[in-house]
2 protein chains.
Amino acid sequence: MKNQTITVDNVYIKSTFSSVGTKESEGPLSEFFDAKYSDDLLGQDSWEKAESTLIKNTVSGALTAAKMTSNDVDLLFAGDLLNQCTASSLGLKAFDIPFFGLYGACSTFVESMMLASLAISGGFANTAIAATSSHFCSSQKQYRFPLEYGEVRTPTSQWTVTGSGCAVLTREKTKLKINKITVGKIVDLGITDANNMGAAMAPSAADTIYAHLGGAKKDHDDYDCIITGDLATVGTELLIELMAQKNIDIRRKHLDCGSLIFDRSRQNVDAGGSGCGCIASVFSGFFAKKLLNKEITKVLLIGTGALMSPSSVLLGEPIAGISHAIEIEAVN
Amino acid sequence: MKNQTITVDNVYIKSTFSSVGTKESEGPLSEFFDAKYSDDLLGQDSWEKAESTLIKNTVSGALTAAKMTSNDVDLLFAGDLLNQCTASSLGLKAFDIPFFGLYGACSTFVESMMLASLAISGGFANTAIAATSSHFCSSQKQYRFPLEYGEVRTPTSQWTVTGSGCAVLTREKTKLKINKITVGKIVDLGITDANNMGAAMAPSAADTIYAHLGGAKKDHDDYDCIITGDLATVGTELLIELMAQKNIDIRRKHLDCGSLIFDRSRQNVDAGGSGCGCIASVFSGFFAKKLLNKEITKVLLIGTGALMSPSSVLLGEPIAGISHAIEIEAVN
């Protein structure tokens, strides 16, 4: 098996910041988010501008929390789900920071943290930012139907999180250290149902977790939590089953941001949350605080992405998945 | 001025490969391309699948030229212009290489070379691939009008290149060395005409070249060529003017891939070529050979991207530009 895992040195998380919309503010993690918007348009006149404002405000929030300005940042890694990453380009241009645009579907937040980590560990940057966003309304408009059509959802469908998360990574020591990253491969098991992204992503999540545990030669018991991005209920069941086939029982350790962010019993989100902003806001808002408080000390964070576009779905092409993993530890 | 330039060590180009479609095969650089397709569908039943086949074959060609298989490659950096980078995800999944998806519009080829260089220089990979593609027909369908509509083009519009380029980068010494990279910022001067991408990209190209010359403390006379991606005639004029305002006359050194790839006098391409595949195929096919033959010894290669989507244009948002630069030298 090829080693997909890279050990990084001197990479720390200086600050994180999370922003969410109304539905997420009414969910179980409400108290942990740093900014909660009661107007999903954020005062803008389009969903795209709303999302670009969301990621912009989130990066500003993370910089403020780090007591930094954009002048202190060497590199910015970001992306989103909109066509041609519109939210990131529109929202982040004002920061005037050398910019790498990324696209890894909902794996993009961990992808951006991985590349920022490599840049710092390699000695190419002292400070680098990782940020992503998603917005329910801009995603519905682009991937499915305009809101006004009143789409009837299937039970396997997921609710795109209106949210954004940002992490400021530094060479300077802090209480949160990044140890290892595992770069995912594109995994395609032939899923073609665009309303079942959990099933499309689960095989890649299993592949990357297995590679990480093999590559890092770690037992999964080393981790307090193995956190996936947005597998939601359907994808989570499949992940548990796929890992069991490899004789690894992750049930006691596994948590999924898409399952945590909403209360399925009362929030009508079907299988759960999804989107670039799901793992970004839940990690930045919830897990980062749990790590800082030492309620947990070591986690494996896995961004899970479904590589599809409205065109690829119309063409009947299968939806491949990609998952990237990063190991984060609370240190002294 | 913030330093945007990073020096990299031990990064070499082991092989390059270029593939183009019919119109490019009839252009002035025809003899330099490694694969020329007489069927722009490449035997597929959609333009998207044609483009994914194009990038797949190009990466295969570069691996063969490097006498490698995908098992020898640690990391793959790639992207394209289609929504959600469909060509890269569909085309490259078969290689089973840990994958970073990128989006930097037409700057993506240099973006992918930069990140591959950082991964190797940082000691995180021995071999990394950089690849991008574009296709005239898939781009027309997505960004403008289906071919069947018979769009009337404006004189400032550019012709998306049907082409792909790939570079295999290694730690192992070869005759082509990568010395420095300059990471671009998003530059927005308020251009809103989607049929004038040259004007949208020229300010960012000027910004990045100036940063590189300042950051690398180099006179531009150090370079045999300063090569931009796809400014075409309109953007080139603006770049020359913007550089002149900074008291740098790059006229003797400047070449533009979008201007070189077509013969404007007979190929009806208006201002010239564009697309992720333009600089990718022209660098991989033409300039890499010129460097290997020592006809030129040091170049600055600048990927120029226009950060727009059909939605952002409809919203009336300005088209920002981003340009990334990489210094490549022929060594012993």
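A:Lys93 and B:Asp188 form a salt bridge, with their closest N and O atoms 2.7 Å apart. A salt bridge here is a side-chain nitrogen of Lys or Arg within 4 Å of a carboxyl oxygen of Asp or Glu. A:Lys93 sits in the loop between helix 3 (86–92) and strand 5 (99–101) of chain A, and B:Asp188 in the loop between strand 10 (186–187) and helix 6 (197–215) of chain B, so the pair joins two chains. Helices (H or I, at least four residues) and strands (E, at least two) are DSSP runs, numbered from the N terminus.

This is a predicted model, where local features need pLDDT of at least 70, side-chain atom pairs count only at pLDDT 80 or more, and totals for chains, interfaces and linings use all residues. Residues are numbered from 1 along each chain as its sequence is written, chains are lettered from A and ligands numbered from 1 in the order in which they are written, and side-chain values use heavy atoms, leaving out hydrogens and water.

Now look at the interface. Chain A brings 56 residues to the contact (heavy atoms within 4.5 Å), and chain B brings 56 residues. Together the chains bury about 4500 Å². Of this area, 65% is on carbon and sulfur atoms. Buried area is the accessible area (1.4 Å probe) that two parts lose on being put together, summed over both.

How many salt bridges cross the interface of chain A and chain B? The rule finds six. B:Lys185 forms a salt bridge with A:Asp96, their closest N and O atoms being 3.5 Å apart. On the side of chain A that touches chain B, helix 4 (residues 108–121) of chain A gives the most, with five residues. That side divides into 29 nonpolar, 18 polar and nine charged residues. Here Ala, Val, Leu, Ile, Met, Phe, Trp, Tyr, Cys and Pro count as nonpolar, Asp, Glu, Lys and Arg as charged, and the others, Gly among them, as polar. Over all chains, the whole structure holds 28 salt bridges.

Next come the pockets. On a 1 Å grid over the protein atoms alone, a pocket is an open set of points where a 1.4 Å probe fits, with protein on both sides within 12 Å along at least five of seven lines; lining residues have an atom within 4 Å of a point. A volume is the space filled by probe spheres set on the points, which are joined across faces, edges and corners.

The largest pocket has a volume of about 350 Å³. Its lining includes A:Glu48, A:Lys141, A:Pro310 and B:Pro310. That lining has four nonpolar, five polar and two charged residues.

The second largest pocket holds about 250 Å³ of space. Strand 2 of chain A gives the largest share of its lining, five residues.
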